[in-house]
Amino acid sequence: MRTMSSRRLVVLALGLGIGGLAPGAASAQVPAAPTFSKHVAPIFQEKCEACHRPGSIAPMSLRTFEESRPWARSIKARVETREMPPWHIDKTVGVQEFKNDRSLSDDQVATVVKWVEAGAPQGDPKDMPAAKTWPDNQGWAYAARFGAEPDLIVRSTPWTQKGGANDTWWKPVVDAGITEPRWVRAIEVRPGTVNGRKITHHANSDLIQVEPGNEGPAGPGRFMEWAVGKEGELMRPNSGKLMLPGARIAWDIHYSASKEDITDVVEMGIYFYPKGE
């Protein structure tokens, strides 16, 4: 039987991605003694605060050491298993470069885990990054881009999430108020109130309308998906979504559990191309 030389085995391993990194190279960016102020807070600002801040959907805020320290063990458990931040793309296959990737890098995971295992030290408060300013999200994000408020606002019917109740999926169907064919160039969705952001996990919407050439209404087609961190959808140049008279919006809204009664509606702002375009 012929055997491979040790040199050929090394080459094969490198080609398959089995080895080739010097010991410790993969964690070269992990600090020896991470602290919250200097190392963990910037990670939370970049990847966690979109949800984990007052008035948003997460059950706790992670903006400060005092807010984060009581949750240290839970944070470690969720980060190690990559349950948090939510990012459902398999890291072992396919494309891995994405805009606004919310997942933690291997070094970031290792930094948070190492911080917790060391007792979750605060470090020097002077090392804290400047607090991140978050918009209240009650304005329309695309209004400045188009120089005007949305041309059409479609609202779901109200829902009251009772304090202590389980998560709810609210699925009302509402008339879109379209009286003539119009091409859509941008869509954005938002909870209707500040308190609504505490319970609105995500909101999907389908467009239901009678399509030309069809005898009856077509099946619903996805119109817009909204979740925390998604601003809206801008159509590519020379493309759009056609809304026809009689169109309806079928909502599929996930409301999370709450400690208090909160009533909200979800609002959709629609921007049209000029008539005739």
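**Accessibility, contacts and salt bridges**

Author: At 29% relative accessibility, R82 counts as partly exposed. The model discussed here is a predicted one.

Reader: Why is R82 called partly exposed rather than buried or exposed?

Author: Its relative accessible area is 29%. Buried requires a value under 20% and exposed a value over 50%, so R82 falls in between and is termed partly exposed. The residue is located in the loop between α4 and α5. Although R82 is not a glycine, its phi is positive, at about 60 degrees.

Reader: What makes the pair R82 and D106 a salt bridge?

Author: The closest N and O atoms of R82 and D106 are 2.8 Å apart. The cut-off for a side-chain nitrogen of Lys or Arg and a carboxyl oxygen of Asp or Glu is 4 Å, and the pair therefore qualifies. D106 has 59% relative accessibility; exposed means over 50%, so D106 counts as exposed.

Reader: How many salt bridges does a search of the whole structure find?

Author: The search finds 14.

Reader: What makes D206 and R222 partners in a salt bridge?

Author: Their side chains meet at 2.7 Å, N to O, and the limit is 4 Å; the pair is therefore a salt bridge. It connects strand β6 (residues 200-208), which holds D206, with strand β7 (residues 221-227), which holds R222, the two residues being 16 apart. D206 has a relative accessible area of 16%, and since buried means under 20%, D206 is buried. R222, at 42%, is partly exposed. The side chain of R222 also meets that of E225 in a salt bridge, at 3.1 Å, N to O. E225 counts as partly exposed, with 39% relative accessibility.

Reader: Why is R53 said to have no salt bridge?

Author: The nearest side chain of opposite charge, that of E49, is 6.7 Å away. A salt bridge requires a distance within 4 Å, so R53 has none, yet R53 is buried. R53 lies in the loop between α2 and α3.

Reader: Which backbone oxygen does the side chain of R53 reach at 2.5 Å?

Author: It is the backbone oxygen of A50. The side chain of R53 also reaches the backbone oxygen of E49, at 3.4 Å. A polar contact requires N or O atoms within 3.5 Å, and the two distances therefore meet that limit.

Reader: Which residues of helix α2 are buried?

Author: In helix α2 (residues 36-47), the buried residues are F36, S37, V40, A41, I43, F44, Q45 and K47. Their cover includes α3 (65-68), α4 (72-80) and α5 (106-117). At the start of α2, a side-chain oxygen of T35 comes to within 3.3 Å of the backbone nitrogen of K38.

Reader: Why is I187 called buried?

Author: Its relative accessible area is 0%; the term applies under 20%, so I187 is buried. The residue is found in strand β5 (residues 182-191). Beyond its neighbours within four places in sequence, I187 is in contact with residues including Y142, F223, M224, M235 and M268. I187 and L152 are 35 residues apart in sequence and 9.7 Å apart in space, C-alpha to C-alpha.

Reader: Why is A120 called buried?

Author: A120 has a relative accessible area of 2%, and buried means under 20%, so the term applies. A120 is placed in the loop between α5 and α6 (143-146). Its phi is near 55 degrees, a positive value in a residue other than glycine.

Reader: What makes F98 partly exposed?

Author: Its relative accessible area is 34%, between the limits of 20% and 50%; F98 is therefore partly exposed. Together with I89 and V95, F98 forms a nonpolar surface patch of about 240 Å² of accessible area. F98 is in the loop between α4 and α5, and P85 lies in the loop between α4 and α5 as well. A cis peptide bond, with omega about -10 degrees, joins M84 and P85.

Reader: What share of the 277 residues in the protein do buried residues make up?

Author: They make up 36%. The secondary structure comprises 6 helices and 12 strands.

Note on methods: Residues are numbered from 1 along each chain as its sequence is written. This is a predicted model: local features need pLDDT of at least 70, side-chain atom pairs count only at pLDDT 80 or more; totals for chains, interfaces and linings use all residues. Side-chain values use heavy atoms; hydrogens and water are left out. Buried means under 20% relative accessible area, exposed over 50%, partly exposed in between (1.4 Å probe, protein chains only). Helices (H or I, at least four residues) and strands (E, at least two) are DSSP runs, numbered from the N terminus. Contact means heavy atoms within 4.5 Å. A polar contact is a pair of N or O atoms within 3.5 Å; within protein, one must be able to donate a hydrogen and the other to accept it, and residues adjacent in sequence count only if both atoms are side-chain atoms. Patches are made of residues with over 30% relative accessible area and no salt bridge: like charges are joined within 9 Å, nonpolar side chains (Val, Leu, Ile, Met, Phe, Trp, Tyr) within 5 Å. Accessible areas come from the Shrake-Rupley method with a 1.4 Å probe; for residues, only the protein chains shown count as cover. Lys and Arg count as positive and Asp and Glu as negative; His and the chain ends are not counted.
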